[in-house]
Amino acid sequence: MLWNIVSSNIPRNVFLYAFQKMADDLNYEKPRLIDTGRGFSIFYRGIYLYSQYNPKKNIIRHIDSVQIPESALVLCFSPILDYGLPQLIDKTPQNSFILGLEYDQLLMRISMDTYDAALLSSNRFAYVRTD
């Protein structure tokens, strides 16, 4: 059906190759940092992983509203950019620990390139790749 919408002047095999290449690129593209004017977001596999408008705002608001009990293990899944982590560390009781987990090696690379070194050396936070 899509073939009928596109011009029939393009050979079918060329069209199908180009269409498959676009789909592959969407699935295997590298993550990109996007400057929103209010911080960075990440565009990856066709979606924004953080807000396109104010990437830090919702994270900080959520951290402000959460209560962390004593002796807790706080799991942060895919905390690619360190938004809110300093506030979370400050809010976490001394006998609790924060563990960041990342599955995607490309996203982990962005974290390693952008995280504040002091955050990574904190004795109350660790960030590991799970693949």
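## A buried tyrosine to start with

With a relative accessibility of 7%, Tyr 115 counts as buried, where buried means under 20% relative accessible area, exposed means over 50% and partly exposed is in between (1.4 Å probe, protein chains only). Tyr 127 is also buried, at 11% relative accessibility.

A note on the model: it is predicted, so local features need pLDDT of at least 70 and side-chain atom pairs count only at pLDDT 80 or more, while totals for chains, interfaces and linings use all residues. Residues are numbered from 1 along each chain as its sequence is written, and side-chain values use heavy atoms, with hydrogens and water left out.

## The chain overall

The chain has 6 helices and 6 strands, taken from DSSP runs numbered from the N terminus (helices are H or I, at least four residues; strands are E, at least two). In sequence order the pattern reads α-α-β-β-β-α-β-α-β-α-α-β.

Of its 131 residues, 34% count as buried.

Three strands make an open, parallel sheet in the order β4-β5-β6; strands pair if DSSP finds at least two bridges between them. At the edges sit β4 (73–77) and β6 (125–129), each pairing on one side only. From one strand to the next, the twist averages 20 degrees.

Between β4 and β5 (residues 97–102) there are 5 bridges, and Phe 77 has Leu 101 in β5 as its bridge partner. Helix α5 (residues 105–114) packs on the sheet and touches β5 and β6, its direction making about 145 degrees with that of β6. Contact here means heavy atoms within 4.5 Å, and angles run from 0 to 180 degrees between N-to-C directions of axes fitted to C-alpha atoms, for helices over the stretch in contact.

## Rings that pair up

The whole structure holds 5 aromatic pairs. Rings of Phe, Tyr and Trp (its six-membered ring) pair if their centres lie within 6.5 Å; planes under 30 degrees apart are stacked, over 60 edge-to-face and the rest tilted. Tyr 50 and Tyr 83 have ring centres 5.5 Å apart and planes at 75 degrees, so this pair is edge-to-face. Both Tyr 50 and Tyr 83 are buried.

Back to Tyr 115 and Tyr 127: their ring centres are 5.2 Å apart with planes at 15 degrees, so they are stacked. Tyr 115 lies in the loop between α5 and α6 (117–120) and Tyr 127 in strand β6, 12 residues apart. Ring pairs also bring in Phe 125, giving a cluster of Tyr 115, Phe 125 and Tyr 127.
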